[in-house]
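Subject: A structure for you to explore

Hello,

Here is the structure I promised to pass on to you. Please open it next to this email and follow along as you read.

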Amino acid sequence: MSNCNCGSKEVSEKEVALQELLDHYRDYEGALIPVLQGAQELYGYLPADVLEKISSALKIPFSKVFGVCTFYAQFHLEPRGRNIIRMCLGTACHVRGGAKIFKALGDQLGVGDGGTTEDLRYTLEKVACIGACGLAPCLMVNDDTHGRLTVADVSKILAQYE
Ligand code: FES
């Protein structure tokens with residue numbers, strides 16, 4: 001019989017940290033957003049059971065907690081990849097072939113816009129402009145910008161984040 005309980009240890013550490021977060025903000029007005037941000041930092045996204053704990057600790061109806069999560073783009077209700085790829089399809093990138101690069105990314109990763117690979121390595125997203133139009137077509141992986149892309153660059157870029 002295995003004595004390994006690494007997974008449950010990690011879960012309980014997150015639960016303890018969540019409890020501390022909830023205790024810290026319990027009596028604050030306007031606590032919901034910072035609590036959601038803190039919980040998302042802990043879990044990488046906002047699982048339904050975490051939203052239920054937040055709702056009950058802050059005495060805010062679940063429907064309101066859920067509504068805030070869906071209103072703000074910063075909150076994610078599904079697991080996200082360790083690497084977030086933001087493919088620009090703003091005007092400059094679009095006219096310089098951004099859609100082809102996006103298709104190549106989607107084909108290689110097996111996901112569409114907003115999709116996360118099964119191994120949780122990548123999440124792929126379309127964005128409107130990342131402020132690097134002079135490098136079009138371009139994308140960001142986490143905080144790194146990659147520009148003047150061709151379809152042939154896609155595999156090389158992905159390989160840097162494996
Ligand atoms: S349109 Fe792509 S960076 Fe501006």
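Let's begin at a proline: Pro137 sits in the loop that runs between β2 (122-127) and β3 (139-141). Please keep in mind that this is a predicted model. The peptide bond leading from Ala136 into Pro137 is cis, and its omega is near -5°.

Now to the helices. Two packed helices are described by the angle between their axes and the distance between the axes. How do α2 and α3 pack? Helix α2 (residues 32-43) and helix α3 (residues 48-58) meet at an angle of about 150°, and their axes are 11 Å apart. Since angles over 145 degrees count as roughly antiparallel, α2 is therefore roughly antiparallel to α3. The crossing of α2 past α3 is right-handed.

Which residues make this contact? From α2 come Leu32, Val35, Leu36, Ala39 and Tyr43, while α3 brings Val50, Leu51, Ile54 and Leu58. Sorted by class, the contact of α2 with α3 has nine nonpolar residues, no polar ones and no charged ones.

Next, have a look at how α2 packs against α4. Here the angle is about 70°, and the axes of α2 and α4 lie 11 Å apart. Angles of 65 to 115 degrees count as roughly perpendicular, so α2 is roughly perpendicular to α4. This crossing, of α2 past α4, is right-handed. On the α2 side you will find Leu32, Ile33 and Leu36, and they meet Val65, Val68 and Cys69 of α4. The contact of α2 with α4 is made up of six nonpolar residues, with no polar and no charged ones.

Helix α4 (residues 62-71) deserves a look of its own. Which of its residues are buried? In α4 these are Val65, Val68 and Cys69. They span an arc of only 100° around the axis, so they lie on the same side of α4. Among the elements that cover these buried residues of α4 are α2 and α3.

Lys59 follows α3 and belongs to the loop between α3 and α4. Is Lys59 buried or exposed? Lys59 is exposed, with a relative accessible area of 72%.

You will find Arg148 in the loop between β4 (144-146) and α7 (153-159). Its phi is near 50°, which is a positive value in a residue other than glycine. Arg148 is exposed, with a relative accessible area of 58%.

Best wishes

How values were computed. Residues are numbered from 1 along each chain as its sequence is written. This is a predicted model: local features need pLDDT of at least 70, side-chain atom pairs count only at pLDDT 80 or more; totals for chains, interfaces and linings use all residues. Side-chain values use heavy atoms; hydrogens and water are left out. Axes are lines fitted to C-alpha atoms, for helices over the stretch in contact, and angles run from 0 to 180 degrees between N-to-C directions. Helices (H or I, at least four residues) and strands (E, at least two) are DSSP runs, numbered from the N terminus. Angles under 35 degrees count as roughly parallel, over 145 as roughly antiparallel, 65 to 115 as roughly perpendicular and the rest as oblique. A crossing is left-handed if the near helix is turned anticlockwise from the far one by less than a right angle, and right-handed if clockwise. Contact means heavy atoms within 4.5 Å. Ala, Val, Leu, Ile, Met, Phe, Trp, Tyr, Cys and Pro count as nonpolar, Asp, Glu, Lys and Arg as charged, and the others, Gly among them, as polar. Buried means under 20% relative accessible area, exposed over 50%, partly exposed in between (1.4 Å probe, protein chains only). The arc is that of the directions from the helix axis to the C-beta atoms.
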